[in-house]
Amino acid sequence: MITCLPVGGLGEVGPGDDLASLVASAADLRDGDVLVVTSKVVSKAEGRVVTGDKAEALAAETDRVVARRGPTAIVRTRHGLVMAAAGIDASNTAPGTLVLLPVDPDASARALREALAADGGPNVGVLVSDTSGRAWRNGQTDIAIGAAGVAALDDHAGRDDGYGNLLAVTAPAVADEIAAAADLATGKLSRSPAAVVRGLDRFVMPRGEHGGGAVTLVRPEAQDMFGLGSREAVLHALLRDDPRGFGAPATAEELVSVLEQVLPGATAALGSGRDRVEVTLPAVSERDERRLGALEERAAVVAFGMGWRRTPDPGDSRVDGARLLFLPPAP
């Protein structure tokens with residue numbers, strides 16, 4: 001039987017607080033338990049609470065922009081995690097402050113596990129959890145961003161199923177499943193930042209062994225088939241450039257810069273009021289109109305990928321070279 005028990009009574013945690021002592025005093029921990037603590041309480045204890053502009057904090061925590069739509073940014077963090085706003089959170093913290101993810105969640109989990117086991121304490125696995133969205137699915141669930149003493153993946157490769165079929169790729173993300181189960185016990189509004197999951201001792205490693213950590217759940221970028229948003233993937237294919245740090249530009253200047261890169265022989269310029277972009281394609285002969293059409297389509301795809309829209313321009317002409325007009329999204 002598996003049970004999930006919320007840990008209450010920790011109170012407000014601040015920089016320098018001994019999280020292990022607080023948890024040990026509030027929770028009935030036994031050998032083989034898995035302690036799940038939220039990244040937020042770990043960050044608070046480690047002094048990862050900041051004040052200031054969220055955009056600046058986001059830039060500092062971002063390794064690469066995956067997709068951006070208006071104010072929403074999905075980024076790959078320095079940890080390799082793909083998350084909205086780099087996991088920066090302004091909830092359950094003092095007004096005007098922001099909670100950043102721990103610098104090294106696996107190291108945080110190891111330190112907590114070792115502290116709890118010291119002086120004959122229980123041998124427990126430790127997970128640091130955070131809330132994350134999922135590709136293809138609405139809503140959020142908690143995942144493990146740090147792990148110690150817990151097998152994060154249960155690789156079934158090489159085993160046979162009940163029908164004798166050889167399994168090749170099945171590998172349950174045990175750490176994520178435990179983190180999600182713990183979140184069901186604690187909830188988002190209970191002010192209970194930890195839970196004890198009991199009955200999964202088969203996944204808890206012997207005392208002194210920490211395992212590979214939650215980093216083993218991070219898919220390498222080279223294997224990530226969804227490493228860019230749909231618009232960003234189009235731009236990356238056209239630019240054939242390293243997408244690192246490349247988001248979804250929305251300014252006229254940025255659109256002009258990109259169009260000049262992908263439209264050979266064309267000129268792009270800011271229109272009146274700097275709220276429009278005008279493109280003049282090169283003049284072509286009648287026999288070459290297919291090439292002109294291809295350039296028009298390329299320009300339209302790039303503009304769409306950057307959130308702009310093409311609008312008819314009375315000056316369009318296939319004699320002197322087509323003129324294209326692009327406007328930003330309607331407010």
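Predicted model: local features only at pLDDT ≥ 70, side-chain atom pairs only at ≥ 80, totals over all residues.

Student: Which residues of α5 are buried, and what do they pack against?

Tutor: Taking buried to mean under 20% relative accessible area, the buried residues in α5 are Val174, Ala175, Ile178, Ala179, Ala182, Asp183 and Thr186. They pack against the strands β1 (3-7), β2 (34-38), β8 (125-134), β9 (137-148) and β10 (194-198). Just after the helix, Gly187 takes a positive phi of about 70 degrees.

Student: How should I read a sheet, and what is the order of the strands in the open sheet of 4 strands?

Tutor: In general, strands of a sheet pair through backbone hydrogen bonds, in either a parallel or an antiparallel sense. In this case the order is β11-β12-β14-β13, and the pairing is antiparallel. The edge strands, each pairing on one side only, are β11 (267-270) and β13 (309-311), while the twist from one strand to the next averages 30 degrees.

Student: Over how many bridges do β12 and β14 pair?

Tutor: Strand β12 (residues 277-280) pairs with β14 (residues 323-327) over 4 bridges, in the antiparallel sense, and Val277 stands opposite Phe326 in β14.

Student: Which helix lies across β11, β12 and β14?

Tutor: That is α7 (residues 252-262), which runs at about 175 degrees to β11.

Key. Residues numbered from 1 in each chain as written. Heavy atoms only, no water. Buried < 20%, exposed > 50% of the residue type's maximum accessible area, 1.4 Å probe, protein only. Helix = DSSP H or I, 4+ residues; strand = E, 2+ residues; numbered from the N terminus. Contact = heavy atoms within 4.5 Å. Pairing = 2+ DSSP bridges. Axes fitted to C-alpha atoms, helices over the stretch in contact; angles between N-to-C directions.
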